[in-house]
There are 6 protein chains.
Amino acid sequence: MSDASFTHLDPLGRARMVDVTPKEPTHRRAVARCKVFMTPETTVTIANREIKKGDVLSVARVAGIQAAKRTSDMIPLCHPLLVGSVSLNFDIGDDHVAVEATVETVERTGVEMEAMHACSVAALTIYDMCKSADRSMVIGDLTLWEKTGGRSGTYRRDADHASSSGGSTSAGAVSEDTSNIASSVTNVVES
Amino acid sequence: MSDASFTHLDPLGRARMVDVTPKEPTHRRAVARCKVFMTPETTVTIANREIKKGDVLSVARVAGIQAAKRTSDMIPLCHPLLVGSVSLNFDIGDDHVAVEATVETVERTGVEMEAMHACSVAALTIYDMCKSADRSMVIGDLTLWEKTGGRSGTYRRDADHASSSGGSTSAGAVSEDTSNIASSVTNVVES
Amino acid sequence: MSDASFTHLDPLGRARMVDVTPKEPTHRRAVARCKVFMTPETTVTIANREIKKGDVLSVARVAGIQAAKRTSDMIPLCHPLLVGSVSLNFDIGDDHVAVEATVETVERTGVEMEAMHACSVAALTIYDMCKSADRSMVIGDLTLWEKTGGRSGTYRRDADHASSSGGSTSAGAVSEDTSNIASSVTNVVES
Amino acid sequence: MSDASFTHLDPLGRARMVDVTPKEPTHRRAVARCKVFMTPETTVTIANREIKKGDVLSVARVAGIQAAKRTSDMIPLCHPLLVGSVSLNFDIGDDHVAVEATVETVERTGVEMEAMHACSVAALTIYDMCKSADRSMVIGDLTLWEKTGGRSGTYRRDADHASSSGGSTSAGAVSEDTSNIASSVTNVVES
Amino acid sequence: MSDASFTHLDPLGRARMVDVTPKEPTHRRAVARCKVFMTPETTVTIANREIKKGDVLSVARVAGIQAAKRTSDMIPLCHPLLVGSVSLNFDIGDDHVAVEATVETVERTGVEMEAMHACSVAALTIYDMCKSADRSMVIGDLTLWEKTGGRSGTYRRDADHASSSGGSTSAGAVSEDTSNIASSVTNVVES
Amino acid sequence: MSDASFTHLDPLGRARMVDVTPKEPTHRRAVARCKVFMTPETTVTIANREIKKGDVLSVARVAGIQAAKRTSDMIPLCHPLLVGSVSLNFDIGDDHVAVEATVETVERTGVEMEAMHACSVAALTIYDMCKSADRSMVIGDLTLWEKTGGRSGTYRRDADHASSSGGSTSAGAVSEDTSNIASSVTNVVES
């Protein structure tokens with residue numbers, strides 16, 4: 001991997017926003033995921049409230065959607081773009097809440113950062129709303145899950161990529177949850 | 001843990017911003033940490049650039065400082081407050097960059113979310129600037145490390161708390177890095 | 001009423017932000033209300049969803065809370081301040097949804113605009129989420145309901161004030177709804 | 001009207017930003033109106049200042065234009081878009097100031113919310129600047145007046161729609177003012 | 001001048017927001033000034049419009065006031081604070097428009113950057129509104145004119161300071177205009 | 001020059017955002033420049049730090065890039081657009097730091113204001129970071145240097161335009177620095 005890979009740095013190493021004007025707008029889609037690890041008691045309380053009121057995940061969902069729209073405000077070298085759709089899904093596990101953000105658009109640049117940012121802000125919102133009950137929560141496994149569109153083509157995270165990202169066992173844990181999150185559409189745990 | 005712990009929800013379970021007007025402003029401090037896991041090649045490239053230009057971590061530092069100031073814009077039920085100081089520190093490990101954010105203020109509410117948000121946005125900025133080289137990076141171990149001031153007193157994350165947060169082995173990994181981050185002040189890897 | 005009443009205009013009629021630095025911070029509270037008029041079919045649909053999911057009013061509630069925090073960003077001569085608490089309540093009537101926003105703080109200026117802005121944005125969010133079903137909705141009766149604290153003392157809207165505001169029959173309608181909104185805490189239609 | 005009309009809610013009732021990526025950008029235009037009801041003394045004072053300095057309506061006009069640009073920041077499920085033109089017009093009546101906002105663009109989604117938001121923030125700015133003289137003002141009759149472009153075609157509010165919106169007599173009042181607002185271009189009351 | 005003067009840089013040269021929590025809030029005031037140089041034809045056109053409508057300077061005034069409130073959003077290491085009053089004044093010269101911004105507050109840090117930022121954005125707004133007539137305008141002489149309050153005491157710019165700022169003759173020109181700007185309160189050129 | 005040149009004012013002199021919807025998106029580019037005049041001691045200190053850490057100009061670069069993205073938030077009648085690339089360059093002279101901002105995009109309107117705003121905020125950031133050492137700094141010579149694309153074609157500032165902008169000698173000084181800034185790419189003073 002040469003230095004030339006760092007497209008955010010010019011040949012002199014100074015920060016810049018790379019020029020995307022020669023690119024044509026195309027359809028882009030990105031999926032990011034993370035987990036908020038917490039005590040089983042906290043997940044139960046969220047789940048029970050969820051069934052009755054849904055407010056913790058409801059607020060986190062709105063926060064994630066709004067965050068996706070304002071990604072370039074917060075990430076300095078990220079290009080501004082207009083997101084075309086954003087959705088957030090949650091899955092309550094025994095000791096964590098899994099967060100998945102999907103962003104789509106028709107633009108000159110990809111929406112990876114928008115999906116990552118939406119995931120991150122939704123997780124922080126869950127942390128904020130539950131921290132009076134459990135201050136030891138940990139947000140982890142935040143990663144790009146899938147990306148389509150654009151010159152660099154399709155990317156899908158798999159077990160091999162996961163294990164190459166530094167031996168983090170938690171990265172492996174993400175893969176194992178795929179079926180759970182997918183099934184959340186059917187099980188409707190969070191709604 | 002009773003439902004009463006969820007101070008962001010009123011007795012009917014609806015979201016609200018809890019009333020902090022009866023509190024007196026006091027000195028508050030919070031430290032949050034996270035890690036951006038990546039391939040060893042990517043850490044080497046950041047480190048080498050860092051020695052020459054420092055731009056990746058420089059930009060992430062500015063992003064984290066600005067994020068701390070705008071936390072209540074992004075986290076819906078977080079109280080607005082005026083941060084009094086913000087600092088970001090980085091430590092480059094073999095397979096990750098560790099991020100530490102410290103925020104202080106004199107206000108009616110704590111600055112945990114400001115420190116968590118600063119950490120998270122600094123990590124996303126590192127991800128954004130390196131993603132053309134390594135798309136499989138994972139942001140993890142984002143957690144509150146220390147908090148002082150306020151009615152609930154001092155909180156310091158320790159090994160026991162870590163293990164209670166859902167059996168996540170990566171949470172334990174954070175503890176092991178304490179000495180590295182502390183020594184970064186001396187080693188100045190990132191400056 | 002002399003021109004001197006327009007404290008936002010200096011003696012030459014130019015806009016300025018009036019100086020509040022000589023004031024001491026005191027506890028302030030303001031309540032604002034408005035209504036989103038719509039067809040009975042739309043209120044039924046919101047109510048039914050509300051019972052099942054609560055999402056329309058949930059999203060409106062988050063929007064109102066976030067708007068309260070950013071009032072001075074949108075209203076040019078409004079002083080910036082830190083809101084200490086914000087709550088939004090809704091009451092579904094036959095042909096409208098009533099919105100009530102309560103804001104409290106300890107600051108040098110009142111929070112009337114924060115309450116009015118929160119109400120207005122919550123109502124616009126309801127409009128936005130229901131406009132595909134009913135484009136003829138009307139937002140009305142947006143007014144300050146109550147204000148306490150500060151040099152000008154307590155203000156409470158009453159029938160006399162209402163009728164003095166230009167003979168608008170809709171202003172009178174607000175008064176008639178007081179009992180409904182108050183009872184919403186008991187009836188919990190929206191949660 | 002079936003639930004399917006609520007396009008902001010997915011089949012499970014959770015909030016999402018609907019996908020607009022399959023749509024082609026087309027020319028869109030929307031007009032929204034509202035009124036700030038106040039005592040005749042206040043309208044006279046605004047009018048007199050208006051003739052001399054124009055500051056109240058001048059500031060409200062700028063506030064409305066800036067609000068149109070930031071609509072998706074405030075309304076959670078509203079798509080971000082780039083407004084192509086914004087204009088605000090005012091008409092001073094005996095007991096109210098009428099506000100009209102017109103927004104145009106070439107985008108994948110309509111600009112109804114931008115026009116509604118601009119109207120609302122301009123009205124709140126008038127309220128803010130006059131509230132020291134008259135705290136009992138009421139903002140009402142905020143509604144979409146006209147919309148062209150997009151798949152759903154042209155919409156024009158008329159007397160029938162107005163009367164169907166809940167029997168609000170003030171909604172009818174809007175219709176009666178059409179000629180006044182139109183004539184404001186000729187009479188130039190506000191400039 | 002030692003490196004220790006750069007209080008925004010820590011001993012290792014990394015950016016940080018300096019800690020202001022040990023300071024007590026005190027009354028602060030700052031005045032900044034700048035000029036927008038333009039052709040005499042453009043100043044005449046602004047002046048004539050100004051007499052009739054006042055819109056160019058009216059819009060610039062609102063822009064400057066809003067900019068003062070959001071200074072810490074734009075200047076990375078600037079502390080957030082709540083401005084207590086902001087006023088903008090203009091003086092139309094033969095070949096320029098002079099801009100003066102005054103900001104006051106009761107806070108832990110000074111408001112120099114708020115005054116400088118307000119001046120700068122008001123000037124850019126004048127540039128934006130006149131650039132279709134005169135693209136060669138130059139914004140210059142932006143400087144802190146006066147500052148009171150805070151540990152470092154009172155600062156007033158004088159001829160000596162001006163000449164020490166690099167031999168710029170335009171800096172000297174600012175001094176010569178003092179009387180003009182002061183007299184603008186009496187002459188009311190801009191209102 | 002007739003009044004018709006002020007395209008931001010409608011025929012009645014009221015502020016409006018001019019309609020750009022009939023225009024086709026085309027490639028646009030703008031370059032703006034300014035200088036921060038300061039004592040020679042301050043430039044030396046920046047330069048020495050620059051060689052070691054680069055933080056003053058690094059932070060200013062990030063601030064300028066973020067400012068370019070948010071120009072329409074701050075300048076009321078400026079159209080929102082999506083910047084495609086932004087770069088900031090600096091050149092340290094004996095008694096000043098020169099700032100150059102280049103912005104490119106494919107949009108319906110030009111990016112002059114984005115380049116001017118980026119320049120201005122980068123200069124204010126330098127001022128903010130050095131003001132504890134030198135309060136008498138002056139920001140000047142902020143002007144559009146070059147603009148290509150759009151119906152009005154290419155504009156390049158030259159000596160004639162400079163001298164026509166009001167006899168400001170500092171405007172002439174900008175021209176003389178052209179070679180220095182150009183050579184900064186070769187000399188890399190700032191990186």
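In which sense do E4(C) and strand E4 (residues 138-148) of chain D pair, and over how many bridges?

Modeller: This is a predicted model, in which local features need pLDDT of at least 70, side-chain atom pairs count only at pLDDT 80 or more, and totals for chains, interfaces and linings use all residues; pLDDT is the predictor's confidence in each residue, from 0 to 100. Residues are numbered from 1 along each chain as its sequence is written, chains are lettered from A and ligands numbered from 1 in the order in which they are written, and side-chain values use heavy atoms, with hydrogens and water left out. E4(C) and E4(D) pair in the antiparallel sense over two bridges. Strands (E, at least two residues) are DSSP runs, numbered from the N terminus, and two of them pair if DSSP finds at least two bridges between them.

The hairpin of E4(C) and E5(C) has six residues between the strands, and Gly149(C) takes a positive phi near 90° in it.

As for cover, 11 of the 11 residues of E4(C), residues 138-148, are buried, that is, under 20% relative accessible area with a 1.4 Å probe and protein chains only (exposed is over 50%, partly exposed in between). For the complex, the predictor gives an ipTM of 0.83 and a pTM of 0.86.

Definitions and conventions: Helices (H or I, at least four residues) and strands (E, at least two) are DSSP runs, numbered from the N terminus.
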